[in-house]
Structures are given as C-alpha cells and as structure tokens.
Amino acid sequence: MRIPLDYYRILGLPLAASDEQLRQAYSDRIVQLPRREYSQAAISSRKQLIEEAYVVLSDPKQRSTYDQLYLTHAYDPDNLAAAAVALENRPESTKRGSDTQSLGIEITQDELVGALLILQELGEYELVLKLGRPYLVNKNGATSARKGNNLAHEEIHESAEHPDVVLTVALACLELGREQWQQGHYENAAISLETGQELLVREGLFVSVQAEIQADLYKLRPYRILELLALPQEKTAERSQGLELLQNLLEDRGGIDGTNNDDSGLNIDDFLRFIQQLRNHLTVAEQHKLFEAQSKRPSAVATYLAVYALIARGFAQRQPALIRQARQMLIRLGKRQDVHLEQSLCALLLGQTEEATRVLELSQEYEALAFIREKSQDSPDLLPGLCLYAEQWLQHEVFPHFRDLANQQAFLKDYFANQQVQAYLEALPTDAETNNEWAVINPQNFPQPQTNNSPFPKNSNRTPRQFNHSRTPDLDLPDTPEYSNFSPPMWNSSGSVKSDIPAAERTSRGTKEHLNGSAKSATPAHNQKRRQRKPTPSAIRERLPNNRPHSRRPRRRRTFANTIEGKTRLVWRVFISLVSLLVFWVLATTTFGWLKNLFFPTRSVPNSQLFVQINQPPISIPDPNSKPQGLDGPLTDTAAEEIIRTWLSTKAEALGPNHEINNLEQILTGSALSQWRVIAQQDRSDNRYRKYEHSLKVESVDKIDLFADRAAVVATVKEATQLYENGQFKNSSNDNLRVRYDLIRQQGKWRIQSASVVNQIIR
C-alpha cells in the first residue's frame, strides 16, 4: 500500500534542515510515544518508519537524490522525466520512498498502524479515516456510509493490528470533531465524535476513550442546540432534534435554575446566558411549551419566561385565554415579587379596566407610573396612558425575544377589534367579581415607598424586560446576538419618561390626588357604581389613542382670562413671600449681631493671614475609591470604566457571603435591577454564595445622540468565580466575556439598565 508521506514530514523537518537538526528531530520522535492504549507492535511499527526516514536523510548521497525528487515534485510536477531517470540509478533502500507520480512510501500491512499513527500525529485525520476504511469491513461484505465522515459501520478483520487500527480511527474521529468544534461547525463535530464512539462501542474496546468522547459530546451539547434551533423554521427535523437535546439537557440539570451536574461545564450564570441566547431562536409557541413545563418544577425563572410567552402568544394570536393563564401565574409570583404592573397589563388586555387601575395603584414601578400618569393628564382615569404603555411594552420588551414576533406590530385597537377577542371578553366576569381572583395577593407583603434619594424602592422587583446574563443571567446569554431596543424621544426602554411637569407640581399631585388623577372628594357610592360597570371591548377601543404608537392626547383649552388671572395671582404670592423673607432675614441678622457684640465683645486681629497647614490640603480631595458621580455632559471613557467596575464590585457583594442585595439599586435600574435581585435572593434562600475576581477592559463607549442620557459600553470582562453551597466549596469557573452594557442617567447619576454577552456563552 502506498501512503502520501515523505521522509521530511515523518521527522517534522524542513527541506533545508542541518545534520544537527536531523539528529535532534530523530531523537525527539523516538522518545515521543503515542497513547498508552496502543500495543507494543503499533509502537514498533511507528519506530521502524521513523528510523527508515532518518537512514535515508542522514546519508548525504541518498539525501541528495531524494531532495532532487522532492523538489521536482514540489515545483515541477509536470516534468518528471529527470526524476524517473534518477530513480533507476537509486539504491534499492530508497526506491520505496517515492515514485514519479507522487511523494509517498510503500508500506506493508504490518506497517499500516505505524503509518496511521504518524499521519494522526501530523493532523491528517481525514486521511487516517480514508486509509483505515478498508479494514472496517462488514462480515457480510456490505458497507454503510456514516454521514459526513464517510466512515462505514463495518467490522474490522480479525488480525493482530485490529485493536490498534480501531483505536487510531476512533482517535482521528475525536480530533477531527474537536477541530470542527473550534471552526464553529458544531453538528459536524458531533457527527465525528459519535462516529468514533459508535465504533468503539460496537467493538467493545477502549472504555476510557469512549468516556473521553462522551465528555466532549456533553460539552458540545449547548452549542449544537443553538446551531440547530437557529436554522430556518422549514428545517423541522433538525430543529426538533435541537429541542430534544434541550429537553435532555434540562432534565440532566434539574431545570433552568437547577444545580445538578449535566457535564456541560456551564455554571448557573453560564447556563442562564445560554438560555438568553436560546430565546431569540425559539418561536412563541415553542417558548410557551418549554417554559410552562419548566415552571412546574417549580422554577421562578421559568415562570417569568412562561408569563412573557403566554402574554405574547395570547396577544399576537388573539387568544385572551392565554393572557388569563399568565395572570394566574403572576398571582403566584406576586406572593414574593412586585408584579402589579404586569398584572395590570393583563387585566387591561382582558378588558377589565377598573381592575387594571386598581392593581396599578399597588405597583411601585414609579417611572412607568410617571409615564402613564403624564399620558393620562386630561383623562378622568389612567386608561389612555396605560394603553399606550401596554403597546410600547409589547412592542419593545416582549415581541423582540420571539423569532416569529420580532417584526410584528402591537396595536391594541386591532386586538380589541377582533371578534374572537370580543366574544371571550364579553363572557368574562365583571371587574367586581374579578377582585376575588387577585385577593390572594396581600399588598402588605410589599413595603411602602421609603424616603430616600433613589427613585426606586428597595424591593422594586420587576419581570425581566430582557432576559440576559445579568438576571438568569446576558443567559451574559450570548450571547452572541444582542437585543436592541428602540425608544421614541419621550420613552426609554426601562419605562421611564422625561416628564415636562415640574418636580414640585408632581409632588403636589401625588399628595392631593389618587393615582388615577381623580379628586379624593369623590363619593364612595360613585366609585362603587363605577367599578361595577364592565366596559365593552369596543368602548375600550374608542378610548385608545388615535395616533399610534406615540400619540399624545390634546390638552383642554383654557380661556385667556383664566390664564392671566392665574398667572397674576401666582406672581403676587411669590413677590409677597420674597419680601416677607427678606424683612425677616434683615431683622434677625441685625438683632443677632447686636446681642453678640453686647455680651461677647471681640478684639480685632491686625494683619490676619490665610491659615494653611502643611499636612492638610487647602481644599477637600475626593476619595479615589468613591463611586462615580453623574455629570451633565456625555459619558467619558474613564467614567464608563468606573461605572462598570462599581457594578462588578457591587455584584460580588450582592452574591457574596453577606448578600448585600440592597446595594444593587445604587448601580442598576430597570430590568437589570430586578433580574439580579431575583438571583441574589434565590442564592440567599438556598444558602449559596459566590466569590469573584474580575478584570476589566473597556473597548468602546457609544454616545446616543438622540438621547443625551443614554450610552452603550462594550467591555471585555474576565471573571473567576468560586461557588459555595452550605459553606462548602462546590466548583469554580473562569469566563472571558465581551459584554455590552446599556447605561441610562437618572437623577444625575449613570446606572446600568441592561447587560448582555456579545459573542460568547461559555469560556
């Protein structure tokens, strides 16, 4: 048999190698032994070929003749006449090294294992499979090709080299699979690995190598799932295989937030990043089926995701029954989290507007409430603002995470105009009857707003707008694909709004009026009568904003006389107040100075000088370790790096042994805050904590011109994690991630609104 090998490749040398290099290469190759599973016969066969190459190349005359043939073949393969003449005059020992057609060597069957070993060491895995196939013959003489590798499911001839040939072919499959894995061809890599594993299992040989291949298959499984589910929806068989792999993976882990060892190498954070990436490849029906089943384990994370899938599917497919089911799941979540805003949106989509307003009053999502209140300024209730908020929420926070809804528009008027929706909503109980369904949620479980500088209460927990590695976590899933959120000028992706109402006026409204803007003097009888009415879907549709999706209701016109009268009265009040304060201040300072001079006379000090100490600075120097303060200008690279470093240290404190969860709201906001709070609370309840070591490099800071209070920071984060459960060390991991952080400035301070991994899911 002729195999395509030359003596220089066997020794791993260049053509111009010196004699010293030749001796060193020969010595190294002889010392380097193959895997311990190989027999002594295989090792001897390999050694024999190495010695043959050394004998030819160490003899100057034989090497000169061989080099002539080598160069002729390498640079002038079409002109081999001279090489043919040279071959006739060569010694017999060198004739087997080549012919006039190609550089190669003739080997006997006993030398096949040695040649396959050398080819494998050179990385010629496909050539190993091609040469090893003749020895994989079925007892009946039939062959059956194995997918991409073209390797037959065949029995090997019973011979002395039988196990060594099987091992070499299986190891070639293993290395080829790893090579394809690195190239990003995950399914092809799985085929190669499974081919080698099936061959060893069928032959009943080398259990340790079987385990090694199986370990790689387990680690490859998340990559395969992403690749298969990212295929077009027409590839039903491949995508079904991906869903089956995902189910097996979840079973091995014990659920999305399970802690069982699935041999994938993914810790909890890594797996949640993986789930984040996965959502973009799943349809709304697939997510509904998947997360609803996982929520029954039970799993808080799966319940959140199931709620989003139910609402999205119910709205897009005009099935209000699914939205009602999501509301029931929110009731369970509401026992531990503030999900009143989501409950209010479900009630709205079920046509129960009075119930939606009542539940909304219990929410502590102040930014969302400010937006809803502003859009409902000239309305007797909050329905216009709530409807506009619902459209924005569906369009920018729900639909983008489903592959079949990402480009779909969310219009409430179309939803309520659907006859199927109208028929279902008409059959629902009235708002008054619905109160019993929500009664299981005790509003007292959620503390009242606390008086601090933060616009968010310490228990402000929110269903994730974006399921990223920071919550479950960014799944920092891949990535990897990112989620981009479009926001109109008056709207940001966290639900906040730049209100034109002065702060004093907003405070006054909050103390003098109900949440819906109506006066407190409304009689109880009137309120009870209004709650008992059930508006029809057509009535709700009539009250929706006309210009979608960013309409603003016109203000009532005021008369010119009323405007002038009001402004004049306000000016006089301000003027009288200022004059009174000025007179009081003059009298007070004069009286105080007279009394001080009378009872405590002071002596003047001539030539007073500025008092400066050597060991003290004349002005206070800020602490270099203090957290970055908000600036009015655009975000700088230095400030961005400090913000991310602050977040990493805060994360370590929140998930550390002391579980300092309340510090999260000092650097996070919106979905990122709620996501990480859920994770930290779950770790604390499970008696689990982590220790982190971080290194950071900011790559870019993108300022968004349309929104001066927003920025995007891309940074490379190296994170070493040690996980402890019940005080005992469990495992460790090292991640090297490229993360995008979306920042927003609130009350003069930059906070992280969301974070997601750009191009990796695992280390």
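Where is the place of Pro298? Pro298 sits in the loop between H14 and H15, where helices (H or I, at least four residues) and strands (E, at least two) are DSSP runs, numbered from the N terminus.

Before we go on, a word about the model. This is a predicted model, in which local features need pLDDT of at least 70 and side-chain atom pairs count only at pLDDT 80 or more, while totals for chains, interfaces and linings use all residues. Residues are numbered from 1 along each chain as its sequence is written, and side-chain values use heavy atoms, with hydrogens and water left out.

## Backbone details

Most residues other than glycine have a negative phi, and most peptide bonds are trans. With that in mind, look again at the loop holding Pro298: the peptide bond from Arg297 to Pro298 is cis, with omega near 5°.

Two other residues are worth a visit. Phe206 is not a glycine, yet has a positive phi of about 55°. Phe206 belongs to the loop between helix H10 (186-203) and H11, and its relative accessibility of 18% makes it buried. Here buried means under 20% relative accessible area, exposed over 50%, and partly exposed in between (1.4 Å probe, protein chains only). Asn687, also not a glycine, has a positive phi of about 55°. Asn687 is found in the loop between helix H29 (670-685) and E3, and is partly exposed, with a relative accessible area of 43%.

Two packed helices are described by the angle between their axes and the distance between the axes. For helix H14 (residues 284-295) and helix H15 (residues 300-316), the angle is about 145° and the axes are 8 Å apart. Axes are lines fitted to C-alpha atoms, for helices over the stretch in contact, and angles run from 0 to 180 degrees between N-to-C directions. The crossing of H14 and H15 is left-handed, a term used if the near helix is turned anticlockwise from the far one by less than a right angle, with right-handed used if clockwise.

Which residues meet here? On the H14 side they include Val284, His288 and Phe291, and on the H15 side they include Leu305, Ala309 and Arg313. Contact means heavy atoms within 4.5 Å. The residues of this contact divide into nine nonpolar, five polar and two charged; Ala, Val, Leu, Ile, Met, Phe, Trp, Tyr, Cys and Pro count as nonpolar, Asp, Glu, Lys and Arg as charged, and the others, Gly among them, as polar.

## Charged pairs

Side chains of opposite charge can pair when their charged atoms come close. The structure holds 33 salt bridges, each being a side-chain nitrogen of Lys or Arg within 4 Å of a carboxyl oxygen of Asp or Glu. Three of them are listed here.

| Salt bridge | N to O distance |
|---|---|
| Asp216 and Arg178 | 2.6 Å |
| Asp252 and Arg221 | 3.0 Å |
| Glu725 and Arg688 | 3.8 Å |

Glu725 lies in strand E4 (residues 710-725) and Arg688 in strand E3 (residues 688-703), so this pair ties together parts that are 37 residues apart in sequence. Both Glu725 and Arg688 are buried.

Asp252 is partly exposed, with a relative accessible area of 33%, whereas Arg221 is buried at 8%.

## Aromatic pairs

A pair of aromatic rings is described by the distance of the centres and the angle of the planes. There are 15 aromatic pairs in the structure. Rings of Phe, Tyr and Trp (its six-membered ring) pair if their centres lie within 6.5 Å; planes under 30 degrees apart count as stacked, over 60 as edge-to-face and the rest as tilted.

Tyr8 and Tyr70 form an edge-to-face pair because their ring centres are 5.5 Å apart and their planes stand at 70°. This pair links distant parts of the chain, with Tyr8 in helix H1 (residues 7-11) and Tyr70 in helix H4 (residues 60-75), 62 residues apart. Tyr8 is buried, with a relative accessible area of 2%. Ring pairs also link Tyr7, Tyr8, Tyr66 and Tyr70 into a cluster.
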